[in-house]
Structures are given as structure tokens and as C-alpha cells.
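Subject: Structure handover

Hello,

Here is the structure for you to look through. My notes follow below it.

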Amino acid sequence: MTAKKVYAVARGRAVGIFTSWSECEKQVKGFAGARFQSFTDINAALAWLSGTKDTPAQKKAAPKAVSPADYTIFTDGSCLRNPGGPGGWAMVAKDMATGQVTERSAGEPSTTNNRMELTAAIEALRYAPEGTRVALYTDSQYLKNGITKWVAGWKRRGWRKADGQPVLNQELWMELDRLYAAHTVDFHWVKGHAGNPLNERCDTLAKQAAMAAR
């Protein structure tokens, strides 16, 4: 029986692992500089992805050496009735040296989807020892953009947004910022519910945790 292929996209409209060529093709067809590869083993696909960085539509530049990740971690958050309803977070982490996969999740009776996304990333970086390189995959633009683009400005303004309003979830952002500085983290955005098996697994675990917290 022929092994089912998975497709790893390192540069495209969305990055991550896709289980069908049709989904992969949507991310790379017509995308300048697209980078992708097919595999018959998801572990090999993850290992290949961990040594890449999503840089969509970037200017041409000399290739840079990228150290492989020590840990590849997928995270997700869920809230059954956003805001104020029960929610859950989840992480699925792979130790790239040993191949060991660790799953963690928990729930809260009253929360928001954004708080659960942040908590998932915090728990992921608490799991990885300080000083390690982490490839962290999330389907939350709020999380990815917040830590990679917005936090620096928030800190300069005393944890206030550009409009002067206080940053929501400040205590979580502060903890995530501390952990981010203690690791070398490459954040990758993946499209949710697009067939990425580890993203789907995180989604299932987060929803289960939210249900249990009701």
C-alpha cells in the first residue's frame, strides 16, 4: 500500500503541513518564491520545516544559515462562548533530538479565545528549556503579530496601545515577552482547520479542555 503523502510549505500564503495536494497548491500556486516539499513521513516533514522560516514576499537576499529547532511546538486556544465562556488551551511539542511528542492542555471556566491562545504559547515556552530554539506554530494572528510586531511599542508606551488605551491581557503578554526573550523563537502562522494534523490535534485538545471546564 502506497504511503499517504503530506506536504510541508515553508514559504507561501500559509505555512505548515497539509494533507492534500489541493490544499498545498492553494498556498504555493502563483506565490513568488514559494518553497514546499512532499513527504511520506510527517516526522520528516516536521524536521524539514523546523529548519526553515516563513518569509512571505520578502526581498531577494543572500541565504542565511538557520539553525534547526530543538523543539517544534503547535499551540491553540479555544473559547466555547467568547468572551466569558469556558475555554481551553493546548500544545503539542516534539523534541527534535529524541522524537518524543508531549501533549498538554487545560481549561478555565470563564475566559476569552485570545487569553487561551496566549496561555498556550506561554505553556509551550515554559515546557521548552530556556536557551533552546523553538519553532512555534499558531493559527492566531493576534498571538504572532503581538509578540513579533506590537510588544516593543507597547512596552515603550508603558503597556499602552497607540490610541493610549491599556493593552488587554497585559499580564499574559508580559510573561510571554519574558519567555520569548529567554528562547530563540521562530513564530509560524498556519491556517486553522486546513488539514494540518498537529494544528487539528491542538484544536481538539483545546476544545476538550474547554468542555471539561464548563
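The radius of gyration is taken over C-alpha atoms, and the globule rule is 2.2 Å times the number of residues to the power 0.38. With 214 residues, a compact globule would come out near 17 Å, and the protein has 17 Å, so the two agree. The C-alpha trace spans about 50 × 40 × 35 Å along its principal axes.

Please note that this is a predicted model: local features need pLDDT of at least 70, side-chain atom pairs count only at pLDDT 80 or more, and totals for chains, interfaces and linings use all residues. Residues are numbered from 1 along each chain as its sequence is written, and side-chain values use heavy atoms, with hydrogens and water left out.

Overall fold. The protein has 6 helices and 8 strands. These are DSSP runs numbered from the N terminus (helices H or I, at least four residues; strands E, at least two). Their order along the sequence is β-β-α-β-α-β-β-β-α-β-α-α-β-α. Of the 214 residues, 49% count as buried. Buried means under 20% relative accessible area, exposed over 50%, and partly exposed in between (1.4 Å probe, protein chains only). Take contacts (heavy atoms within 4.5 Å) between residues at least 6 apart in sequence: 66% of them join residues at least 24 apart.

Strands β5 (residues 87-95) and β6 (residues 101-108) run antiparallel, joined by 8 bridges. Strands pair if DSSP finds at least two bridges between them. G87 has E108 as its bridge partner in β6. The hairpin leaves 5 residues between the strands, and G99 in the turn has a positive phi of about 85 degrees.

Aromatic pairs. Rings of Phe, Tyr and Trp (its six-membered ring) pair if their centres lie within 6.5 Å; planes under 30 degrees apart count as stacked, over 60 as edge-to-face and the rest as tilted. The count is 9 pairs. W21 and F36 have ring centres 5.9 Å apart and planes at 40 degrees, so this pair is tilted. W21 is in helix α1 (residues 21-28) and F36 in strand β3 (residues 35-39), so the pair ties together parts 15 residues apart in sequence. W21 is partly exposed at 36%, and F36 is partly exposed at 37%.

F74 and Y137 have centres 4.6 Å apart and planes at 10 degrees, so they are stacked. F74 sits in strand β4 (residues 71-79) and Y137 in strand β7 (residues 133-138), 63 residues apart. Both F74 and Y137 are buried. Ring pairs also link Y142, W150, W154 and W173 into a cluster.

Best wishes
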